[in-house]
Amino acid sequence: MTLPHSLQQAAARAAEASALLQDPAALRLPNKPQLRRYEVSSLLPNGSIAETRHIAPALPIFEDAFCAFTRGSLVETTMGQIAVEDLLPGDEIVTRDGGSQPLVWKGSTSLVPSRSDAKGRAHRLTSFMPDSLGLQKPASCVVAGPAARLLRMPPHMRVAADSEQLLTLVAEFQDGMNIFETAPPTVVDMFHLCLPEHAVINVGGLEFETYHPGPEALKLVSYAIKTLYFNLFSHVDSLSGFGPLAYTRAAPMTDSSLRD
């Protein structure tokens with residue numbers, strides 16, 4: 001597969017050409033789609049580590065792969081807790097089933113949570129105070145990004161006391177007291193992690209999922225966007241390469257009236 005001469009040119013062309021990005025009315029606006037810089041560390045088949053930089057549109061399909069954990073988040077590994085920014089591909093990450101998997105991909109980007117993009121999308125963070133979800137859950141304050149999902153059901157989404165635990169976006173847990181939205185006015189470094197198989201891991205005492213785009217993520221995406229997207233991942237070349245989801249995901253409930 002031949003890529004355009006530069007990732008920046010490819011991103012700009014993809015952003016202008018993809019029907020997914022803008023509706024016909026938006027195409028007539030003078031504002032160009034925003035581009036974002038993404039950094040990737042990958043584990044290569046020979047055991048070495050590749051570090052690459054990419055430029056791609058600031059679209060959910062890209063941002064969701066990078067905006068789960070903030071700098072300083074402690075990830076449980078076979079060597080103990082390690083800050084997410086210090087993890088290296090090849091490190092063994094402890095999973096919920098009691099085993100471990102090697103880290104094969106770490107993505108990072110920087111953004112200002114209080115600043116909305118050209119489409120009006122914000123990147124608000126969710127702050128969990130100590131013990132907000134139970135004793136030592138978390139043990140200390142944990143700040144998660146908009147793409148982070150917990151293996152847990154918030155009270156307003158439960159239909160029965162024994163409801164199945166689903167992978168739920170962290171924003172659904174906000175109660176305005178112990179779990180609340182935060183939007184720092186300064187740059188925040190964001191990260192996400194990918195293992196050979198989708199899993200739930202311990203970050204700061206809470207059970208978060210590792211990165212998986214979801215089975216329908218690229219269903220309506222243009223060829224140019226797909227090319228840019230898979231260029232971020234050296235270990236997969238199709239959605240099937242991510243394998244199945246380890247747990248079912250909950251549908252987001254953005255209407256606050258549904259919580260009453």
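**Pockets, strand pairing and loop geometry in the predicted model**

Helix H3 contributes three residues to the lining of the largest pocket, the most of any element. The model described here is predicted, and its largest pocket has a volume of about 890 Å³. The lining comprises 35 residues, and those nearest the centre of the pocket are Asp 64, Pro 146, Ala 147, Arg 149 and Leu 169. Two elements, H3 (60-63) and E9, each give two or more residues to this lining. By class, the lining of the largest pocket consists of 17 nonpolar, seven polar and 11 charged residues.

The second largest pocket holds about 310 Å³ of space. Its lining is made up of 18 residues, with Glu 39, Val 40, Ser 41, Ser 108 and Phe 191 closest to the centre. Strands E1, E2, E8 and E14 (188-194) each supply two or more residues to the lining of this second pocket. Strand E8 provides the largest share, five residues. In the lining of the second largest pocket, four residues are nonpolar, six are polar and eight are charged.

Three of the strands that contribute to the second largest pocket, E1, E2 and E8, are also linked by pairing. Strand E1 (residues 35-43) runs antiparallel to strand E2 (residues 49-57), and nine bridges connect the two. Within this pair, Ser 42 lies opposite Ala 50 of E2. The two strands form a hairpin in which five residues separate E1 from E2, and Gly 47 in the turn adopts a positive phi of about 90°. Strand E1 is also joined to strand E8 (residues 105-111), again in the antiparallel sense, through four bridges. Glu 39 has Ser 108 of E8 as its bridge partner; both Glu 39 and Ser 108 are among the residues closest to the centre of the second largest pocket.

The residues that line the largest cavity are Cys 194, Leu 195, Pro 196, Glu 197, His 198, Tyr 211, His 212, His 235, Val 236, Gly 241 and Phe 242. This lining divides into six nonpolar residues, four polar residues and one charged residue. Cys 194, one of the lining residues of the cavity, falls within the range of strand E14 (188-194).

Although Asp 131 is not a glycine, its phi is positive, near 65°. Asp 131 is partly exposed, its relative accessible area being 39%. Gln 136 belongs to the loop between E9 and E10 too, and its phi is positive at about 65° even though the residue is not a glycine. With a relative accessible area of 47%, Gln 136 is partly exposed.

Key. Residues are numbered from 1 along each chain as its sequence is written. This is a predicted model: local features need pLDDT of at least 70, side-chain atom pairs count only at pLDDT 80 or more; totals for chains, interfaces and linings use all residues. Side-chain values use heavy atoms; hydrogens and water are left out. Buried means under 20% relative accessible area, exposed over 50%, partly exposed in between (1.4 Å probe, protein chains only). On a 1 Å grid over the protein atoms alone, a cavity is a set of points where a 1.4 Å probe fits but cannot get out, and a pocket is an open set with protein on both sides within 12 Å along at least five of seven lines; lining residues have an atom within 4 Å of a point. Ala, Val, Leu, Ile, Met, Phe, Trp, Tyr, Cys and Pro count as nonpolar, Asp, Glu, Lys and Arg as charged, and the others, Gly among them, as polar. Two strands pair if DSSP finds at least two bridges between them. Grid points are joined across faces, edges and corners, and a volume is the space filled by probe spheres set on the points.
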